[in-house]
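Subject: Structure for your review

Dear colleague,

I am handing over the structure below, and my notes on it follow. Please read them alongside the coordinates.

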Amino acid sequence: MEKLNAVERLLAESNKDNVALIGDGLTKQHFIELDTFISTKGKLYESQVRGDWNEEEKKEEPSDSPIFTTELNDKIMFDIRSRLASIFESGIERSYMTDRPDQIKEDLLKRGDDYYNQALKLYHQELYEKALLKLDKAFTFTSQDINYYVLKADCFIQLCDFKSAILTINRLLSTIFINLDKDSPNYEEIKTTLYDKIAFCYYMMGQTNYDSLFYMEALESFNKASEMRPDNLTFKVKSISCLFSMNRLSEAIVLMDKIIGENEAYKNNCSLFVLRAKLNLKANHISKCFHDLKTALKIEAENREAKHLMEQLEETGEQLRNGALILSLSGRTTDALHKITGAISFNPSKPEYHLQRGILYKRMKDFNSAIDDFLIGLEKINEYEIKDKELYSNFQRQILLTYNDFAIQCYEKRFYDDAIVLLNKAIKIEKKESGFYVNRGDCYYKKEEKRFALLDYEQALEIEPKNEEIKDRVANVYYEFGIEKYETKDYEEATKNFDNAIKFKPEKCKYYISRARTKYMSNERNDAQKDICISILLEPSNSEIPTIISRLFINQDLNEVLASKAMNEAKEYLKSKHIQTAFDSTNEEDKTNKEKKPKREMRLHPSLLEVDKEKQENLDLINQKRKIDQMIKQTVKINFDPNVPRLKPMTSAKNKSTNSEKGYNWRKFDIKLT
């Protein structure tokens with residue numbers, strides 16, 4: 001009996017006042033009904049326990065009796081623990097289901113549905129707090145209905161308690177929803193709906209924090225919303241807005257690049273490119289801003305915001321360009337360079353800006369930067385399909401001039417190989433400009449590669465056959481070839497080279513002197529005499545003439561030399577070549593003086609004054625001729641006096657070459673030809 005009393009006490013304690021622990025949201029009336037039900041059930045359980053206990057006593061043997069009279073066996077303890085667990089751990093639902101599971105389950109579900117319907121009605125009446133109280137009671141009867149959680153989350157959302165709404169949905173996802181069959185037809189739909197609600201809650205939390213200027217908290221919320229719905233562009237744009245507000249521009253631009261790059265559909269979104277253009281403008285990435293606006297207008301040509309920003313950039317660029325022109329004219333090249341660089345940043349589509357900056361670089365002798373700018377300008381003409389032939393030709397001309405000036409700088413520093421490379425590039429672009437060939441020939445000449453120099457000079461001469469400077473270079477190379485052959489005693493080849501030199505420059509005295517020596521060594525005496533006579537007529541003051549004339553005209557005085565056949569042939573030769581001698585210039589001066597004299601009136605009886613005047617003029621003329629003869633004798637005498645002044649040959653104005661007719665004013669290398 002003591003064992004039975006112990007069991008009754010436990011049952012009594014389990015039914016006494018401990019019903020409040022069964023679940024939340026229960027009313028007093030429910031507790032009264034529950035007490036009545038449990039008391040009835042307790043009596044049934046008591047009789048069952050007594051019957052089982054009597055049977056146990058009958059079967060027990062005296063040797064198996066417990067030591068203490070109050071000790072309970074394992075079966076009784078198991079039944080008691082099961083009963084207590086059903087009461088305290090699982091609530092009313094499990095307690096009811098212990099004896100009549102089907103009927104009690106239906107009653108509980110029905111009671112929970114009644115509370116749910118009441119809560120739903122209150123929700124539609126916008127009484128959200130009362131609806132939450134009804135839902136709490138509904139959860140007491142059953143916690144396995146997804147609709148209860150969804151309605152509860154909606155109530156929290158309407159009350160702007162977004163955190164509670166998120167906790168409610170997360171509890172649903174972690175308990176009930178995780179046990180659902182994924183093959184059920186509504187699984188994906190329900191899952192999408194729940195994720196949308198969570199993303200919306202995070203978005204509203206982020207927007208609330210953003211409006212309250214809590215940008216960091218807002219950024220966290222928007223990022224979580226974006227994680228829930230990665231395909232939602234609004235959440236990502238809001239994150240960029242938070243970064244922009246916190247002045248974290250680099251991170252915002254990186255995120256923007258990631259958004260545009262990860263989805264092909266976003267590459268046709270004009271608004272995204274406009275937004276990135278604003279970010280780049282704020283970060284002072286002007287060129288990137290321009291390209292983003294260009295892309296946005298390409299997608300949507302009539303976008304007002306993009307057009308307005310583009311107009312501002314173009315206007316600023318033009319102002320900077322005008323400022324650069326003014327500074328350049330005033331000689332402030334460095335400041336002008338900064339201005340035009342800014343103009344290019346604001347409007348990179350203008351090739352004219354690159355042309356202007358390239359010219360400034362060239363003026364500062366930064367030829368590499370100048371060439372880069374000119375090439376970029378040409379690329380932009382092709383990229384933007386600008387049909388301006390004059391602009392294109394200006395770029396070509398500036399590139400060629402820059403290559404040429406760069407080569408001249410290298411030439412002056414004796415970097416002949418670098419100069420040749422630059423001139424090769426220029427010739428590759430423009431093959432009909434003689435100046436490039438001349439300058440490259442000068443580089444080869446300085447490198448002692450005279451064969452290559454001669455080829456370049458001859459190529460230049462084909463382009464400009466009448467250019468006397470080029471002829472002079474060609475003749476000089478042939479002359480040096482002749483000297484080399486003469487020193488090796490190859491007189492035949494030396495004569496050919498001197499012939500070529502004279503062919504290009506027949507008025508040069510030294511070519512005839514060298515050929516006279518060569519022919520003298522070849523026993524061609526008559527030709528040698530003729531050459532030396534030509535030398536006398538061209539440059540009588542040349543110091544090399546006296547050393548040769550004594551060998552060619554043996555036992556002959558000066559008068560005989562002047563009256564010789566060789567001298568007459570020399571005069572005829574020069575006359576046929578239309579070459580002016582040193583003595584012809586003196587005769588022309590006399591002729592000019594005579595033309596300037598006024599003509600005398602013819603009278604039958606001239607006055608004595610006129611006769612005396614004419615006599616004096618005749619005497620002056622005779623004295624002048626004597627002076628000329630004396631000068632010739634002094635010049636060509638055997639014992640040459642170095643103190644005698646030399647006469648410089650007169651160059652004809654017709655033979656002077658000018659480049660004024662050409663469009664290009666090429667700079668030439670200053671080579672002193674000997």
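Cys-533 has a relative accessibility of 0% and therefore counts as buried, a class that means under 20% relative accessible area, with exposed meaning over 50% and partly exposed in between (1.4 Å probe, protein chains only). Cys-160, by contrast, is exposed, its relative accessible area being 54%. The count of disulfides comes to 0, where a disulfide is taken as a pair of cysteine sulfur atoms within 2.5 Å.

Before going further, please note that this is a predicted model, in which local features need pLDDT of at least 70 and side-chain atom pairs count only at pLDDT 80 or more, while totals for chains, interfaces and linings use all residues. Residues are numbered from 1 along each chain as its sequence is written, and side-chain values use heavy atoms, with hydrogens and water left out.

The protein chain has 31 helices and 0 strands, both being DSSP runs numbered from the N terminus (helices H or I, at least four residues; strands E, at least two). Of its 674 residues, 40% count as buried. Among the contacts in the chain with a separation of 6 or more, 57% are between residues 24 or more positions apart, contact meaning heavy atoms within 4.5 Å.

Cys-533 belongs to the part of helix α26 that meets helix α29, where its partners and those of Ile-534, Leu-537 and others in α26 include Ala-566, Ala-570 and Leu-574. The axes of α26 (residues 525-538) and α29 (residues 565-576) come within 8 Å and cross at roughly 60°; axes are lines fitted to C-alpha atoms, for helices over the stretch in contact, and angles run from 0 to 180 degrees between N-to-C directions. This crossing is right-handed, which means that the near helix is turned clockwise from the far one by less than a right angle, anticlockwise being left-handed.

Helices α24 (residues 491-504) and α25 (residues 509-521) pack at an angle of about 155°, with their axes 9 Å apart. That makes α24 roughly antiparallel to α25, a term for angles over 145 degrees. The crossing of α24 past α25 is left-handed.

Lastly, Asp-373 lies in helix α18 (residues 367-383) and is buried, at 3% relative accessibility. Beyond its neighbours within four places in sequence, Asp-373 is in contact with His-354, Arg-357, Gly-358, Tyr-361 and Phe-395. Phe-395 is 22 residues from Asp-373 in sequence, and their C-alpha atoms are 9.6 Å apart in space.

Notes:
Angles under 35 degrees count as roughly parallel, over 145 as roughly antiparallel, 65 to 115 as roughly perpendicular and the rest as oblique.
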